[in-house]
Amino acid sequence: MELKYFIIRRGLIIIPTLMGLTVLVFILLWAFGPYQIAVAFNPDLHGNHGLATLANYLDQQGFSAAVINGQLQFTNPIGSYFRFVADLFTGNWGQVTFPSRVSTMTAIGVFIPNTIQLALGATILSVIIAIPLGTYIGARPNTPADAVGRIFSLSGYALPAFWLGYILIALFANHGIGLVASAFPYSGSGVAGATGVPIGEFGLSDPTHILLIDSLLAGNLSLFVSAVAHLVLPVVTITYGILAGILRFIRAGMVDAAGQEFIKTARAKGVPERLVIKKHIRKNALLPTVTVLGLLISGLLGGVVTVEIVFNYLGIGYLAVNFALGVQVWGILALTFVFGLILMITNLLVDVVYAFLDPRIRY
Amino acid sequence: MEQSIQIGKEEKQLIVEDLKVRFFTSKGIVKAIDNLSFYIEEGESYGLVGESGSGKSVTATAAMDLIPDPPGRIIRGRIFINGYNILNDLERLVTIKVRSPYDVRIRRRKRLIKRHNYIMSGIRGDKVSMIFQEPFLSLNPVMTIGEQIKEAILLHSRVEISNSIIKRETLNEDDIAKMVDTLMAQPDNQTRKKLIARMCSQYAIPDLAKPFTDLYENSTDREFIMKESLALVSTKKVGLNLEELEQARNYFLLKDREHDLYLKLIEAEKQEDEVKIDEVRKQIYQIKSQIRSDYLLFVLKRLFLKRFMDRPFEEYADGRVLELLTEVNIAGPERVMDAYPHELSGGMLQRCMIAMAFSSNPKILIADEPTTALDVTTQAQILDLMREVNKTYNTSILFITHDLAVIAEMCDRVGVIYGGNLVEEAPVKEIFYNAKHPYTTGLMNAIPKAERRYEKSARLESIPGSVPNLISPPSGCRFHPRCKFKMDICSEKKPKLVEIEKNHKAACFLYSDEVEEEVEEDVP
């Protein structure tokens with residue numbers, strides 16, 4: 001009962017956070033030059049212009065800096081902010097010219113399922129591996145098994161995802177030194193040139209844009225296998241980093257919990273060693289891990305961007321980099337907003353899950 | 001078992017002999033306990049006193065073989081619980097090589113240690129229970145009190161629980177008629193109430209005890225009582241699958257027998273009796289193959305459907321938890337059952353710990369400073385409770401404390417421990433009025449007394465110096481640097497704990513010249 005109120009109260013904190021986020025995005029808007037902003041707010045002006053020619057072009061069209069300032073109410077920042085926020089929340093996110101000339105909303109909507117698939121797959125995989133592995137290592141600290149586990153997790157913590165991605169390509173794809181030549185494809189999600197599934201916008205499959213699901217919907221098994229093969233390297237790259245982070249914390253939590261008095265109580269009442277570890281120690285060790293998992297998922301967003309570029313994988317990370325390279329004002333703003341939203345929701349979920357797990361949390 | 005030593009008419013419940021405990025740290029080997037021996041008789045409470053750092057808690061932990069390894073290990077000794085020496089396989093578990101005090105290599109034999117832990121998990125909590133110093137830290141923060149007590153119950157009395165559930169399900173009219181007749185024949189309400197309680201827990205209907213008692217108090221009409229009883233009982237029959245229950249009971253019986261056989265096996269290995277080892281091994285193999293052939297399906301089912309299969313057990317255990325919590329005088333046991341440890345006060349938690357410790361009626365209770373962390377009024381309540389439990393169950397208590405008032409209140413016999421050695425042991429009156437060892441007299445003089453305030457010297461006497469560092473303890477008698485009566489021999493030889501008066505032992509050269517032989521050992 002009390003938990004319900006906690007969730008409501010925690011949910012309300014979203015509102016001020018959201019306001020902060022919009023302010024941040026609005027400030028980001030001012031980081032662009034007036035001509036870029038002019039283009040962003042006047043979709044008709046889109047074209048392949050370099051910055052210098054863009055200015056000339058705009059001048060020819062009668063868009064002097066003064067006109068732009070007036071049009072965007074630069075002289076009235078508060079009003080401008082509220083107009084901007086209204087745009088953000090109504091989904092009126094302007095247009096981008098990459099991957100083609102579409103509304104920003106459409107572009108993100110089409111590309112985001114692939115990223116969700118990548119992030120979710122990596123998170124689930126690392127949790128599934130980390131919990132039993134962490135229990136095993138944490139139950140025998142300072143043994144050879146523990147040393148191996150620590151080296152593994154430390155390396156995962158230290159290696160940047162993009163570098164690891166290239167190494168994996170070199171080792172397992174038909175590229176570079178090719179240790180295991182063409183074991184896994186290293187580029188794209190397998191949809192390029194695929195037949196047997198409906199292909200929609202930007203060369204992604206329909207209806208969900210996730211090839212894994214669409215191929216099954218179309219009943220095309222060989223394409224499904226290919227989709228899985230394409231996922232292996234990027235998922236492994238991201239998983240390695242998250243796994244390392246969780247593993248470290250589960251191990252530390254296990255060692256910490258094992259030294260507590262109540263573990264002695266459990267042994268004193270005759271709980272078999274196996275159950276002491278599984279029931280008493282691990283349950284307490286997993287609590288801090290949930291918090292860490294939340295943080296890692298936030299870090300994952302950054303990781304996804306680089307990994308998607310390395311593997312040429314069509315998700316929002318790929319989109320973000322191309323937006324930035326092409327100075328797509330609305331694209332950058334919208335993605336910042338979306339990433340912020342994802343972070344906020346993750347944190348909310350972590351807090352709620354933690355309250356479920358730990359009875360000591362006072363609401 | 002044959003090993004249980006009979007002395008006089010009372011049986012010794014816990015015997016600790018020649019205990020030696022070491023902690024291997026980076027600063028050197030801590031000689032925590034040396035040649036410690038004591039015993040506790042049935043129903044007796046034995047107090048162990050000493051300053052902080054004298055080795056009281058280590059002794060308690062060692063008595064349950066719960067010394068954390070690393071860094072600690074029991075090096076030598078015998079601890080008889082219920083007649084079985086839990087340190088039978090001690091020498092075989094590890095090999096310790098001491099290269100220098102800072103470089104000690106311990107090779108652990110995993111398989112044997114696993115077996116030892118298996119043996120111990122059947123003994124701990126069942127034959128011997130323990131209460132700890134800090135009730136706040138001693139209960140799992142993420143499990144409810146009920147769950148934690150239930151766990152202890154379900155671990156040790158599975159066979160009894162299945163038996164009483166089977167009894168409940170097969171309870172017929174004749175049985176009830178017999179019950180009613182016996183109960184009607186009881187002369188007074190008090191004995192009847194007790195009998196009802198016992199019957200109800202035998203038949204796994206503990207929550208019917210109250211309606212039954214009310215029934216007999218309000219009516220003497222046999223017909224009416226009979227009818228009502230039948231109605232009451234029939235509400236409690238759940239219609240469980242008897243076959244399944246019996247199978248569970250037999251399985252748990254086999255498991256318990258396997259545990260007992262392992263005890264025998266370890267004992268035989270200790271005696272190096274090849275014939276017996278073979279015989280016991282064969283029996284264990286038989287049980288294992290029987291479980292494999294007859295109970296394979298059952299075990300597999302338990303693996304996946306444990307939650308459903310254990311439901312009747314859990315329900316029974318819930319009833320038992322309520323009973324236990326009521327027994328330790330907790331107000332609102334239903335609420336406490338579902339509470340988490342952080343929601344309760346220290347006194348309440350310590351009561352829950354006691355309830356948990358008594359969940360399987362152990363013969364020995366080890367109380368490691370159970371009242372230190374509590375305030376004075378709660379202390380008195382907890383002590384009362386422990387004394388009460390000690391009386392009703394005839395449990396032996398090993399009471400560890402530095403509070404001499406508690407000792408005077410609770411204990412029959414007292415051992416005084418200093419620097420890991422027992423220096424004096426006597427009945428409680430002797431210790432307080434006729435203390436022999438200089439350390440004990442020092443302790444006694446350090447007790448604040450009300451009448452002393454009016455004496456000339458209002459200063460409290462204290463023992464000069466502090467507890468020795470046990471990495472490099474003083475030579476000879478470990479107390480000699482602080483002793484008022486120090487002699488030359490004290491720093492050279494170690495006094496032996498000998499009987500200097502009837503039932504009064506002390507280790508001091510003031511009373512006896514006997515020297516404890518110091519043996520060169522692998523582990524110093």
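The following legends describe close-up views of a predicted model. Local features require pLDDT of at least 70 and side-chain atom pairs count only at pLDDT 80 or more, whereas totals for chains, interfaces and linings use all residues. Residues are numbered from 1 along each chain as its sequence is written, and chains are lettered from A in the order in which they are written.

**View 1. The contact between chain A and chain B.** Chain B contributes 26 residues and chain A 19 residues, two residues being in contact if their C-beta atoms, placed from the backbone, lie within 7 Å. On the side of chain B that touches chain A, two or more residues come from each of α3 (110–123), β8 (128–131) and α4 (145–156); helices (H or I, at least four residues) and strands (E, at least two) are DSSP runs, numbered from the N terminus.

**View 2. The domains of chain B.** Domain 1 comprises 145–160 + 242–333 and domain 2 comprises 172–236, with bounds from an automatic or database domain assignment. Their C-alpha centres lie 30 Å apart.

View 3. B:T213 lies in helix α8 (residues 209–218) of chain B. This residue is partly exposed because 17 other C-beta atoms lie within 10 Å; a residue is buried at 20 or more such atoms, exposed at 12 or fewer, and partly exposed in between, with C-beta atoms placed from the backbone. Beyond its neighbours within four places in sequence, B:T213 is in contact with B:K193 and B:I196. The C-alpha atom of B:S472, 259 residues away along the chain, is separated from that of B:T213 by 64 Å.

**View 4. The fold of chain A.** Chain A contains 15 helices and two strands. Of its 363 residues, 36% count as buried.
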